[in-house]
Amino acid sequence: MNKIKNSSMFFLWAGAAISITEIYTGGIIAPLGIIKGISAILIGHIIGTLFLAFGGYISFKGKKNAMDKVKDSFGGYGTKVVSILNVLQLVAWSAIMIIQGARVVSAQIKIPLSISIFAVGIIVFLWSFWFNNYTKKVNDISVIILIVICILMFLGIHRGTGNIKIGGSVSFTTAIEMAIAMPVSWLPLIGDYSKDGKSGKGVFLSSFFGYFIGSILMYALGLYITVFTGMDIIQFLSSKGIIASLIVLLATVTTTFVDICSAAISSKQIYNYKDENRVTFVFCLISILIAFVFPMENYQNFLLIIGSVFVPVYTVVIIDYILKRTCKLNINFIAAFSAIFGVIAYNYFTNNNLGIPTVFTFLSVMIVYYIGTLLQSKIGKYSFKI
């Protein structure tokens with residue numbers, strides 16, 4: 001891949017953030033109301049997007065993709081496990097995006113959902129092939145169009161409707177965590193693109209502001225739709241005619257192709273191959289099949305599971321980058337132990353509603369990993385070869 005300009009990097013991550021899943025998640029936060037909801041969205045995105053941008057910066061400095069940077073901390077065997085988990089979450093994300101986009105398209109043009117799922121999936125594959133092999137300008141222009149249309153829709157909702165009481169409940173800290181989880185879910189793949197950036201500062205700022213602006217807009221849009229109309233997100237978009245369909249279709253492809261392409265890149269840690277387009281097609285096909293059966297009622301749990309895995313993993317990566325350490329052997333046992341500890345800690349904090357799980361997990365893993373490496377340095381090498 002050629003060098004990515006700062007402007008294209010900005011639009012790449014803005015496009016990744018502008019998606020129906022983010023609108024959907026904003027709707028889940030609606031029981032908090034506008035003031036608390038916006039506050040939770042802002043706090044969560046500041047934390048999550050800082051994680052994301054720093055992860056991209058680390059890959060740029062090392063000129064390595066995301067999983068190669070994980071390999072620097074966890075070793076070859078450890079990275080295979082992380083890569084498998086990453087491929088699984090990326091394929092699942094792609095399926096979620098495809099089915100949510102297909103629902104709106106199906107309702108608008110009155111075709112069976114199964115046909116709509118298949119059609120959206122094929123468009124995602126073609127967009128993935130186009131982006132990697134031809135030009136990024138089409139993606140940039142599409143994202144600009146999306147931002148303008150979404151702002152117009154946002155203003156229309158605010159002017160045209162009144163406040164409606166929303167059922168259900170969500171805690172303020174859970175809302176913050178759901179806002180964190182979305183940018184964090186991109187951590188295991190941002191390096192696949194940021195390594196090809198123009199400069200470290202440009203990578204950090206363009207990815208941070210691109211994702212932050214796009215995602216804040218989407219969450220706020222979902223929040224406002226639900227609070228001011230009382231309608232389900234899919235139902236609302238389905239009622240808005242061809243403009244909503246254009247938003248959904250463009251948002252689906254500008255987000256999902258990033259997942260699909262990175263799933264192909266991550267899979268090289270598991271099995272080395274030469275034909276990336278063929279692997280991209282296979283992952284698109286798998287995502288389409290999953291879209292037919294994915295249980296959307298478990299979507300919120302899916303978000304939290306992502307945080308529980310990749311926050312601990314990237315805490316280790318960040319600490320090793322700061323301390324300038326590299327694992328060149330097969331496995332770093334202390335890193336693996338710290339990540340497993342982090343998964344357990346994250347779920348404990350989440351299940352007991354203790355503080356902000358991502359922040360508490362980051363601090364816990366940082367302490368455990370740092371102490372573990374200090375102890376290990378007293379008794380042997382940084383990592384053990386097996």
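1. In this predicted model, α4 is the biggest contributor to the lining of the second largest pocket, giving 5 residues. A pocket here is an open set of points on a 1 Å grid over the protein atoms alone, with protein on both sides within 12 Å along at least five of seven lines, and lining residues have an atom within 4 Å of a point. The space inside comes to about 230 Å³, taken as what is filled by probe spheres set on grid points joined across faces, edges and corners.

2. Who lines that pocket? Among them are F74, L85, V309, I331 and V343. Two or more residues each come from α4 (66–109), α13 (299–323) and α14 (333–351); helices are DSSP runs (H or I, at least four residues) numbered from the N terminus. The lining has 11 nonpolar, 1 polar and no charged residues, where Ala, Val, Leu, Ile, Met, Phe, Trp, Tyr, Cys and Pro are nonpolar, Asp, Glu, Lys and Arg charged, and the others, Gly among them, polar.

3. On to the cavities, where a 1.4 Å probe fits but cannot get out: there are 2 of 30 Å³ or more. The largest cavity holds about 70 Å³. Of its 10 lining residues, T173, T174, T350, N353 and P357 sit closest to the centre. Its lining is 4 nonpolar, 5 polar and 1 charged.

4. The second largest cavity is about 50 Å³, with W93, M97, W186 and D259 among its lining residues.

5. Housekeeping: residues are numbered from 1 along each chain as its sequence is written. Local features need pLDDT of at least 70 and side-chain atom pairs 80 or more, while totals for chains, interfaces and linings use all residues, and side-chain values use heavy atoms, without hydrogens or water.
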